[in-house]
Amino acid sequence: MRISNPARAGAGSLAVRRVSLSRRVRQSWQLYVLLAPGLVYLVIFKYWPMYGAQIAFRNYNPVDGFVGSPWVGLKNFHRFVTSYQFSRLLENTLTVNTLGLIFAFPVPIVLALIVNQLTGERFKKFAQTVLYAPSFISVVVVVGMIYLLFGPRSGLVNQVITLSGHTPIFFMGSPGWFRPLFIGSDIWQNAGFSMIVYLAALTAIDPSLHEAAKVDGANKFQRVWHIELPGILPVITILFILAIGNVFNLGFEKVYLMQTDLNLPTSEVINTYVYKIGLQNAQFSYSAAIGLFNSVLNLVLLLTFNQVARKANQSSLW
Amino acid sequence: MADPTFTGVSIGILLLAIGAVIYPLYFIIIASISDPNQIQLGHVWVLPKGITLDGYRALFSNDAIVHGFANSLLYTGLGTLISVSIILTSGYALSRRDMPGRRLFMILFVVTMFFDGGMISRYLVVKQLGMLNTIWAVVLPGAVGVWNLIIARTFFEHNVPGELREAAQLDGSDDFRFFLRIALPMTKPLIVLMAMTQIVAYWNSYFDAMIYLNNESMYPLQLVMRNILIQSQATGSMDSGSIDSYAAAQRLSELLKYSMIVVSTAPILAVFPFLQKYFVKGAALGALK
């Protein structure tokens, strides 16, 4: 916006603050125009669905829409919580994600600490590039690779098993193998990406700390343990809270791809069930209620851990 | 732990990790040009055996795949254009501390990171908008990631000095002109980063297309691949066919799967090392905020 009196511009933000609000709004109209497409998107694709989530408390029919459909209160939630699916879905969802967190979360931290030690610039770059690359591969391809490499007949893994004199395993058809394959492939695909974030945080550590520790006779391991790990703890905390916040949502598009009729006892999670009930069977209100149940649990978990982190005087999201 | 031991163990772990990432990808490549019988016999480990290009031939003569490829190019192109435009304009506006209501708008965006209306009501909204079975259903619902918006806002805040804007204002430049002529050219790395992120995201996504499209001629490549790679196997059993033609079809379908993975993934993996510095910068910015 053009400032009418050039002399006042020199006074900077103080002068701007004195101008009345309506004047400032009018002056900023071009900024609002720039913001408009984003706001329109937000209203249509985020807040309208949020408003529509009330069908969880209604018996939705397309004619009466989000607001007109008859109100049924908590009936849909009650039906889900008392259904025979409930405990299995909750258990599967929690198990795969908790195990995922336990096994997958530390890997990028260890990798980042190791890569950060490397002195050869070219090897360092090479290691980063290679480990980072799988995060650019689509889930469809990753799951396709699992089907191929762990396939019953010509799969690479079963060949090794056969060669070593054991009977081949039908990986994709066994409920017991779903979680290891899901979590293992998740580490394979995503550890490199998180590693890059930790590496960025490691570069911010003051080198003089290392020098001082060296003078005190600390060896490499002690320096990693006492300087670098605490140095990136804030980033670790934030990524951990974010991961917790995703416990109920993480990778269900991949879970869906990895589902076979045979591994459903462990691979059916809340979100894949929502998709099947809602969009394949058109039980909109019931599935919306399950989805909402999922989101609320998720949010509670996120808020709890954020609070815990703040109490522990670590960094938190807010 | 003594230093040499520590270094040795570290390098050992790292080499193991690098091998675990590279070998499966390498195996897919050599399997895509090897005779499937040789693979089944366990003869293909390091080098391709019985080299054949049948898989690639079958790939390029498969209409569904060729269509899917073209559809994906279209969705990715249009989606990236829309998405990056919205992220840059909104990100810039939100970076301006002098815009009244900035905090409120920011909160409106951030809230959606932690709570969303869910798959079902989003589907019903897209349906009410009449977007089912149109390109818009694939392109629009996921266009703006709030995380990307925050990165864009932070980038503008750090790289476009306020004094520059004040100087430009004195010269009579308004916000539109300043954004287009000065702010955007100063943030080229951000534009590249956002474009790359969106290209990868659109190219790799299948779920929205699966939900919103039911006309097979509109399927993007990932959905076509899912049908060939996964659905045809999910019901597969352990026993092998005895009829010759079945075996031949089986052989071709295996080859097709390997070569399909190579063709759909190679373009992105080939350019990515050159763009890595932008992604690293993005990750650093993400860590910052």
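Figure 1. B:I150 sits in helix 8 of chain B, the helix that runs over residues 146-159. The coordinates shown here and in the other views belong to a predicted model. B:I150 counts as buried because 21 other C-beta atoms lie within 10 Å, the cut-off for burial being 20 or more. For orientation along the chain, B:L74 is 76 residues away from B:I150 in sequence, and the C-alpha atoms of these two residues are separated by 27 Å.

**Figure 2. The largest nonpolar core and the contacts of B:A152.** The largest nonpolar core of the model holds 145 residues, and A:V143, A:M195 and B:A152 are those with the most contacts inside it. Helix 12 of chain A, which covers residues 175-202, supplies the largest share of this core, with 11 residues. When neighbours within four places in sequence are left aside, the contacts of B:A152 are with B:I87, B:L88 and B:G91, and also with B:L190 and B:M194. As a general background to this view, nonpolar side chains tend to be buried together in soluble globular proteins.

**Figure 3. The interface between chain A and chain B.** Across this interface, 80 residues of chain A are in contact with 88 residues of chain B. On the side of chain A that touches chain B, helix 4 of chain A (residues 29-52) gives the most, contributing 14 residues. Sorted by class, that side of chain A is made up of 57 nonpolar residues, 17 polar residues and six charged residues.

**Figure 4. The two domains of chain B and the contact between them.** Chain B is divided into domain 1, spanning residues 1-52, and domain 2, spanning residues 55-288. Taken over C-alpha atoms, the centres of domain 1 of chain B and domain 2 of chain B are 30 Å apart. Five residues from domain 1 of chain B and eight residues from domain 2 of chain B take part in the contact. Helix 1 of chain B (residues 3-32) provides four residues, the largest share of the side of domain 1 that touches domain 2. That side of domain 1 of chain B consists of four nonpolar residues and one polar residue, with no charged residues.

**Figure 5. The two domains of chain A and the contact between them.** In chain A, domain 1 takes in residues 21-68 and domain 2 takes in residues 75-311. The C-alpha centres of domain 1 of chain A and domain 2 of chain A lie 33 Å apart. Six residues from domain 1 of chain A and six residues from domain 2 of chain A make up the contact. On the side of domain 1 of chain A that touches domain 2, four residues are nonpolar, one is polar and one is charged.

Figure 6. The secondary structure of chain A comprises 19 helices and zero strands. Its C-alpha trace spans about 85 × 75 × 35 Å along the principal axes, and chain A has a radius of gyration of 26 Å, whereas a compact globule of 318 residues would have one near 20 Å. Of the 318 residues of chain A, 39% count as buried, and among the contacts in chain A with a separation of 6 or more, 66% join residues 24 or more positions apart. The pLDDT of chain A averages 88, with 92% of the residues scoring at least 70. Over residues 1-12 of chain A, however, pLDDT stays under 50, and for this segment the model has 15 contacts beyond four places in sequence.

Note on methods: Residues numbered from 1 in each chain as written. Chains lettered and ligands numbered in written order. Domains from an automatic or database assignment. Contact = placed C-beta atoms within 7 Å. Helix = DSSP H or I, 4+ residues; strand = E, 2+ residues; numbered from the N terminus. Nonpolar A, V, L, I, M, F, W, Y, C, P; charged D, E, K, R; others polar. Buried ≥ 20, exposed ≤ 12 C-beta atoms within 10 Å, placed from the backbone. Core = buried A, V, L, I, M, F, W, Y, C linked by C-beta atoms within 7 Å. Rg over C-alpha atoms; globule rule 2.2 N^0.38 Å. pLDDT = per-residue confidence, 0-100.
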